[in-house]
Amino acid sequence: MVSACVLVRTSHGKFEEVVERIRQVKAVKRVFPVLGRYDVVADVECAGIKDLGEAVLRISRLAGVVFTETLVEVQR
Amino acid sequence: MNACVLLKVVPTKADSILETVKAIRSVRKAFLTYGRFDIAVFLEVEDYRELREITIRINEIDGVRSTETLPEG
């Protein structure tokens, strides 16, 4: 199991819809709008790094998502 | 209330810091990360006061260089 913290910036004022859209992505365990340098943060969990890449790609393609930064869990 | 706290730490102390952070009651998930930060932490707190208490505690851990807190808004 590999986790990632996905930091998202949305187009202006769109964070509520983006949060709902991200919530639909199966690998997303937790998602919430935030204050600070980002608009939304998601906790993503997948079986492997390939599935994680696909989940993050899907998030980055959602309408309203302008920018994502992914912090992938170090594998040991 | 959810929050995400991102840490930059002294590399040699990352593992011990992670253990210390995981022991904090309101921490739901914490893991070492690649990228601009070294540790990502997901918290669930009652309010901003509790969040502040925890971010102070995290900042006091030996080896923590800086933190960026993203509270639910």
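Guide:
**The sheet in chain A and the cysteines**

V6(A) has T70(A) as its bridge partner in β4(A). The model is a predicted one. Strand β1 of chain A, residues 2-10, is joined to β4(A) by 7 bridges, and the two strands run antiparallel.

These strands belong to an open sheet of 4 strands in chain A, ordered β2-β3-β1-β4 with antiparallel pairing. At the edges of the sheet are β2 (28-33) and β4 (65-72) of chain A, each of which pairs on one side only. From one strand to the next, the twist averages 20 degrees. Helix α1 of chain A, residues 15-24, packs on this sheet and touches β1, β2, β3 (40-46) and β4 of chain A. The direction of α1(A) makes about 175 degrees with that of β2(A).

Now the cysteines. A disulfide is a covalent bond between the sulfur atoms of two cysteines. Over all chains, a search of the whole structure finds 0 disulfides. The cysteine sulfur closest to that of C5(A) is in C4(B), at 3.7 Å. The cut-off for a disulfide is a sulfur pair within 2.5 Å, so the sulfur of C5(A) is too far from that of C4(B) for a bond. C5(A) counts as buried because its relative accessibility is 0%. C4(B) has a relative accessibility of 0% and therefore counts as buried.

Notes
Residues are numbered from 1 along each chain as its sequence is written. Chains are lettered from A and ligands numbered from 1 in the order in which they are written. This is a predicted model: local features need pLDDT of at least 70, side-chain atom pairs count only at pLDDT 80 or more; totals for chains, interfaces and linings use all residues. Side-chain values use heavy atoms; hydrogens and water are left out. Buried means under 20% relative accessible area, exposed over 50%, partly exposed in between (1.4 Å probe, protein chains only). Two strands pair if DSSP finds at least two bridges between them. Axes are lines fitted to C-alpha atoms, for helices over the stretch in contact, and angles run from 0 to 180 degrees between N-to-C directions. Contact means heavy atoms within 4.5 Å.
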